[in-house]
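Reader: I have a new structure to look at and would like to go through it with you. Can we take it step by step?

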Amino acid sequence: MPELPEVETVRRTLAPVVGATVTKVWHSGFPLHLNRPVDIRGLRRAAGAPFARIDRIGKFLLVYFDDRPELAVVHLGMSGRLRVFEPGAGEVPHTHVVWSLGDGRQVRYSDPRRFGFVGVARVGAEREHPSLADLGIDPLTDGLSGAALHELTRGSRQPLKVFLLDQRKVAGIGNIYAAEALWLARIRPTVRAHRLSARRAAALAAAIGSVLDHAITRGGTSLRDFVNATGNPGDYRKHLRVYDREGQPCPRRGCAGAIRRIVSQGRATFYCPRCQQY
DNA sequence: AGACAAACCTGTCTGC
DNA sequence: TGCAGACAGGTTTGTC
């Protein structure tokens, strides 16, 4: 489900809980990511403190609490949702963590597939958390220049689309936006990363920024599951140019090639063989 | 290094 | 209608 634009949309729509005090933290008892247990004792140390601010690095949300030395680290995996519920809201299946607030609202983390992650990191030492330690450049927060992307691609013989999914290089791009950015830059997903010229790297960096910005403007992409923290889906699906459009005509003006689906490193990969020639 | 498969899970859709 | 199988926005781990 969630890539950088969706996670950023969740971050922004969580704003209404900033300032509200956490009274209680509950956990279902189920393990999440990789069957690892949730540190519920750590999460409970937020009780008594108000939500301070919510940051994002790549696909991770960082939830801070006033005057607390620890923060919550949240990854939505494939099917995770972080939502604000008004007092008296009905139960949601597959709910795994609940922050109850003093005003009766709740912030709930639900995740049917349990591929997501909820953990605890130390304020000021966020990057010591194993999930955050190796994350690369965040295109939105840090800015991704053509020169930086070109430098990162040196020495990698991976297909460029596989390279873009590596969170240690660029953090936040997933299967949808890798395909969309490569289409916009007219670059074939199978091109080896080290073959990228400085000029093409600049075009790709710009395409990544453009696609992510546009998707955030539309509230992210909802293929089926994704909703933001207020329960609303994103609108970017109708702007997708190649993802999940196998056999359909390429939307590029004057192209009209047929979108092709291949499998790259086990993931569906969509591109136009006619206009993505580089 | 990198290519692959499997693993972690549930839900949904397709085809027979 | 029912059921098996494929597939899904992610990441880690192990093997070759």
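Reader: What percentage of the residues in chain A is buried?

Author: Buried residues are 53% of the 278 in chain A. Buried means under 20% relative accessible area, exposed means over 50%, and partly exposed is in between, with a 1.4 Å probe and protein chains only. Note that this is a predicted model, where local features need pLDDT of at least 70, side-chain atom pairs count only at pLDDT 80 or more, and totals for chains, interfaces and linings use all residues. Residues are numbered from 1 along each chain as its sequence is written, chains are lettered from A and ligands numbered from 1 in the order in which they are written, and side-chain values use heavy atoms, with hydrogens and water left out.

Reader: ok, and how many helices and strands does chain A have?

Author: Eight helices and 10 strands. These are DSSP runs numbered from the N terminus: helices are H or I with at least four residues, strands are E with at least two.

Reader: What box do the C-alpha atoms fill?

Author: Roughly 60 × 35 × 30 Å, along the principal axes.

Reader: Switching topic. Which residues have the most contacts inside the largest nonpolar core?

Author: L149, L160, L164, I187, L204 and I208, in a core of 41 residues. A nonpolar core is a set of buried Ala, Val, Leu, Ile, Met, Phe, Trp, Tyr and Cys residues joined through side-chain atoms within 4.5 Å.

Reader: Which elements give two or more residues to this core?

Author: α6 (160–165), α7 (175–184), α8 (198–217) and β10 (267–271). Of these, α8 gives the most, with nine residues.

Reader: And what is L164 in contact with?

Author: Beyond its neighbours within four places in sequence, L164 is in contact with V170, I173, A178, L182, L204 and I208. Contact means heavy atoms within 4.5 Å.

Reader: How many residues are in the second, separate core?

Author: That core has 32 residues, among them V63, F65, A72 and L82.

Reader: Now L152. Which helix is L152 in?

Author: L152 is in α5, residues 146–153.

Reader: Why does L152 count as partly exposed?

Author: Because its relative accessibility is 25%.

Reader: What does L152 touch?

Author: Not counting residues up to four places away in sequence, L152 touches I137, F163, K169 and V170.

Reader: And how far apart are L152 and W183 in space?

Author: They are 20 Å apart, C-alpha to C-alpha, and 31 residues apart in sequence.
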